[in-house]
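Please look over the structure below before reading the numbered points. They are meant to be checked against the model one at a time.

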Amino acid sequence: KEKEKEKLLTTTTTTNGNGNSKQEIEKLLLQISVLEKNLKYENQKCESLSHELTIANKKVGDQETINFKILGEVERIRKLLIVKEEEIENLQNIFQEESERFENLVDEKDQQIVNLDNQYKE
C-alpha cells in the first residue's frame, strides 16, 4: 500500500485527471490511512467481543445444564416426598388401629377386673 501511495504521489505532479492537487491527494491518502487504522481497531474490538460472547454463551449453556440438573433433582425429591407422605399416612392409620385395639384390650381387661371383683365379693 505504501508503494502504491508513493507511486501515486510521484506520478502526479500538480493535478491528476480529476483536477485534484498533489496536496489534496496526500490529504486523501492520509485519511485513508487513518480509516484503515480505525478499521483495524474496530475489527480487533469485534474479535474481542466475539470471544467474550463465546465465553458468555458457554456460561449460559453451563447454567442451563445446572438448571436442568436442579429441576431433575427437585422432581426426584417431589416424588420422594409423595412416597414419604403415603408412608406417614399408612403409619398414622396403623397407629390409629393399634390405639383402638389397645383401648379395646384395656376396656376388656377392666371388665374382667370388674367381673373378678364381683366374683370375689360374692
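The points below go from the whole chain to single pairs of side chains.

1. Basis. This is a predicted model, in which local features need pLDDT of at least 70 and side-chain atom pairs count only at pLDDT 80 or more, while totals for chains, interfaces and linings use all residues. Residues are numbered from 1 along each chain as its sequence is written, and side-chain values use heavy atoms, with hydrogens and water left out.

2. Overall make-up. The chain has 2 helices and 0 strands; helices (H or I, at least four residues) and strands (E, at least two) are DSSP runs, numbered from the N terminus. Helix 2 covers residues 22-121. From its first C-alpha to its last, helix 2 reaches 144 Å with its 100 residues, close to the 148 Å expected at 1.5 Å a residue. The expected span is 1.5 Å times one less than the number of residues.

3. Burial. Of the 122 residues in the chain, 6% are buried. Buried means under 20% relative accessible area, exposed over 50%, and partly exposed in between (1.4 Å probe, protein chains only). In helix 2 the buried residues are Ile25, Leu29, Ser33 and Ser99. The chain exposes about 11400 Å², and carbon and sulfur atoms supply 57% of that area. Accessible areas come from the Shrake-Rupley method with a 1.4 Å probe; for residues, only the protein chains shown count as cover.

4. Salt bridges. The structure holds 7 salt bridges, each a side-chain nitrogen of Lys or Arg within 4 Å of a carboxyl oxygen of Asp or Glu. One of them joins Asp62 and Lys58 at 3.0 Å, N to O. These two residues are 4 apart in helix 2, about one turn. Asp62 is partly exposed at 37% relative accessibility, whereas Lys58 is exposed at 53%.

5. Two further pairs. Glu73 and Arg76 meet in a salt bridge at 2.7 Å, N to O. In the salt bridge of Arg78 with Glu75, the closest N and O atoms are 3.5 Å apart. Why can such pairs point the same way? An α-helix has 3.6 residues a turn, so residues three or four places apart point the same way. Glu73 and Arg76 are 3 residues apart in helix 2, about one helical turn.

6. Nonpolar patch. Ile66, Ile70 and Val74 form a nonpolar surface patch with about 240 Å² of accessible area together. Patch residues have over 30% relative accessible area and no salt bridge; like charges are joined within 9 Å, and nonpolar side chains (Val, Leu, Ile, Met, Phe, Trp, Tyr) within 5 Å. Ile66 is partly exposed at 42% relative accessibility.
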